[in-house]
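The following exercises concern the structure shown below. Each sets a task and then works through a solution step by step.

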Amino acid sequence: MNIKDLTIKKINEGLKNKKFSASEITKAFFENIKKNDEIIGAYLNLTENLAYSQADQIDIMIAEGKDIGAFSGAPLAIKDNILINGEMATAASKILENYKASYDATVIQKLKKAGAIFLGKTNMDEFAMGASGENSAFKATKNPRDIARVSGGSSSGSAAAVAADMAVAALGSDTGGSIRMPANFCGVVGLKPTYGAVSRFGLIAMASSLDQIGPIAKNVEDAAILFKEICGKDNFDLTSINPLIGEYGDEIINPDFNKIKKLKIGLPKEYFISGLSKETEGAINDVIEKFKNLKIEFCEVSLPHTKYAVPAYYIIVPAEVSANLARFDGIRYAQNNNQQSNLLHTYLKNRGEKFGDEVKRRIILGTFVLSSGYYDAYYAKAQKVRRLIKEDFDKVFDPSADGVDVILTPVSPKPAFKIGEKASDPLQMYLEDIFTSPVNLAGLPAISIPAKTDSLPIGFQLIGKHFREADILGMGRLYENNL
Amino acid sequence: MREIINKKNLEKLAHLSRIEIDKGKEEKLLKDLGEIINYFEELKGVDTSKTEPMNGGVLFSNAIRYDESETKCESQNADLISAFSDKKDNYLKVPGVFGE
């Protein structure tokens, strides 16, 4: 058994054919983690007891001749802002350094039922705020493909764990690119589902009108399999909904390639700009060529408000952050060592000392854009621009106007940068989200798929219509099958 | 660059945010915030006179459920209480609101 070659599907087949046991698989992954993670820094906490007890349950079922599900036995890494009952959940923040979750997130409940094995909790930018992974209060996750470079954020550990075979797949969360960016930098697949497709109950909230949980995997098929397990309406997240037409059907996992080949891809001219590096442009052009060889129809489209996405995003996100993070006072969810003479001073001291620089910056910025004198000029303005960005996509996708089905773009202007290169310049870091944040503002699904993996990885992004994950997953499968 | 945030109103914002700012980091924070807010000026070029604000979400339907306690088990409460840094009986104990 070589864990490099394993996928969710192969593990499940191997267990059913008794090639190996779930405990053996689990052990192999922990051995690889112990060998490599000291350098990479993908995990914050390993959940070994939980993993081995989950593996034992699967092995017992197999020994008893019972049917195990199609997902059973998948060893997963879970981003540290997603709660697993009884396990630490720090969101890579000192303010939650001692917090142990007292319930399971809905996605965790679903995966437990499906027979997943949880290897551990992964590193991230503190409270998911960052594009590089360097904002973790504990350590920066290194890119497994070049350890001098960032892994990308904010789901840094989840992407690095999958890229370095320290998990077969992982869960991340994506508010403005936090699944797609690290997948892009580490050379793995990352899917940001439609807003509302996956319940966020048990996800430590960053910006609630944008946050989505999604899968990171080695290939598109595994991403589809994992997505299918976690999607669906949940009474505990009232923004979660079932797709418009019925349930997500079999097409998520078994696409009809004849149908997929008839989909039309749009290339938005605003995404092919002068800031694009030569190697990224080259890699994206190669992908376009490959699709053209498969007789996929392309056309140029325009999303004129693209350049306003980042400023709108960085007004809306801090506004929501300032409200969502008000609950962290260093008293609840924490062992408080900072008792001051009165409650107010305790809050000031705890939040001042235990939040990192980027978190403090966003809370203060959010407080500013929501303050009465500036609300209309910043927050209300950003929300209006958000609508224009969504309408850009609506027009391009409009079937009555001969619209496209899928949009293809780069994920970031350049491949992974050096650790420390942008750490002291927040605005430069924000600009990394230029191609990913419009998708969240419009609530659309998008996937990052490796386009080039021979040197520093470069990904391409496919953006779909609301609840049409099947289109971008199918198109991604078509690409992978014809490599 | 127009100065919107200065030292004085940064202190006010930080206090409203319940964050004590490290004096040694104040200069850098002011500079970063200034640059970021200046970057927001780009939005002024967009005509939004006929646009309604968008709050997020994709589809809106009324989502309701019975207002019932959803505590799954007693141990869930016990876990939360055991995480308190200081307590009296089963209540979280904090410093007084009107202390020195």
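**Exercise 1. Identify the ring over whose face A:Lys422 lies.**

Solution. A:Lys422 lies over the face of A:Phe417, at 4.7 Å from the ring centre. The rule applied here requires NZ of Lys or CZ of Arg within 6 Å of the ring centre and within 35 degrees of the ring normal. A further case is A:Lys292, placed over the face of A:Phe298 at 5.5 Å from the ring centre.

Two remarks on conventions apply throughout. The model is predicted, so that local features need pLDDT of at least 70 and side-chain atom pairs count only at pLDDT 80 or more, whereas totals for chains, interfaces and linings use all residues. Residues are numbered from 1 along each chain as its sequence is written, chains are lettered from A and ligands numbered from 1 in the order in which they are written, and side-chain values use heavy atoms, with hydrogens and water left out.

**Exercise 2. Classify the ring pair A:Phe291 and A:Tyr479, and locate both residues.**

Solution. Step one is the rule: rings of Phe, Tyr and Trp (its six-membered ring) pair if their centres lie within 6.5 Å, and planes under 30 degrees apart count as stacked, over 60 as edge-to-face and the rest as tilted. Over all chains, the search finds 20 aromatic pairs. Step two applies the rule: the centres of A:Phe291 and A:Tyr479 are 5.6 Å apart and the planes stand at 40°, so this pair is tilted. Step three gives the location: A:Phe291 belongs to helix H9 (residues 278-293) of chain A and A:Tyr479 to helix H16 (residues 469-481) of chain A, 188 residues apart. Helices are DSSP runs (H or I, at least four residues), as are strands (E, at least two), numbered from the N terminus. Both A:Phe291 and A:Tyr479 are buried, a term for under 20% relative accessible area, with exposed over 50% and partly exposed in between (1.4 Å probe, protein chains only).

**Exercise 3. Which class does the pair A:Tyr313 and A:Tyr314 belong to, and what lies beside these residues?**

Solution. The ring centres of A:Tyr313 and A:Tyr314 are 4.8 Å apart with planes at 75°, so the pair is edge-to-face. A:Tyr313 counts as buried because its relative accessibility is 3%; for A:Tyr314 the value is 4%, so that residue is buried too. A:Tyr313 and A:Tyr314 are also among the residues nearest the centre of the largest cavity, together with A:Gly130, A:Ser178 and A:Asp433.

A cavity is a set of points, on a 1 Å grid over the protein atoms alone, where a 1.4 Å probe fits but cannot get out; lining residues have an atom within 4 Å of a point. Its volume is about 70 Å³, taken as the space filled by probe spheres set on the points, which are joined across faces, edges and corners. The lining has 13 residues, divided into 5 nonpolar, 6 polar and 2 charged. Here Ala, Val, Leu, Ile, Met, Phe, Trp, Tyr, Cys and Pro count as nonpolar, Asp, Glu, Lys and Arg as charged, and the others, Gly among them, as polar.

**Exercise 4. Determine where A:Ser102 lies and what it contacts.**

Solution. A:Ser102 is in the loop between strand E2 (75-79) and helix H4 (106-114) of chain A. With a relative accessible area of 6%, A:Ser102 is buried. Contact means heavy atoms within 4.5 Å. Leaving aside neighbours within four places in sequence, A:Ser102 is in contact with A:Asn85, B:Gln76, B:Asp79 and B:Leu80.

Terms used
On a 1 Å grid over the protein atoms alone, a cavity is a set of points where a 1.4 Å probe fits but cannot get out, and a pocket is an open set with protein on both sides within 12 Å along at least five of seven lines; lining residues have an atom within 4 Å of a point.
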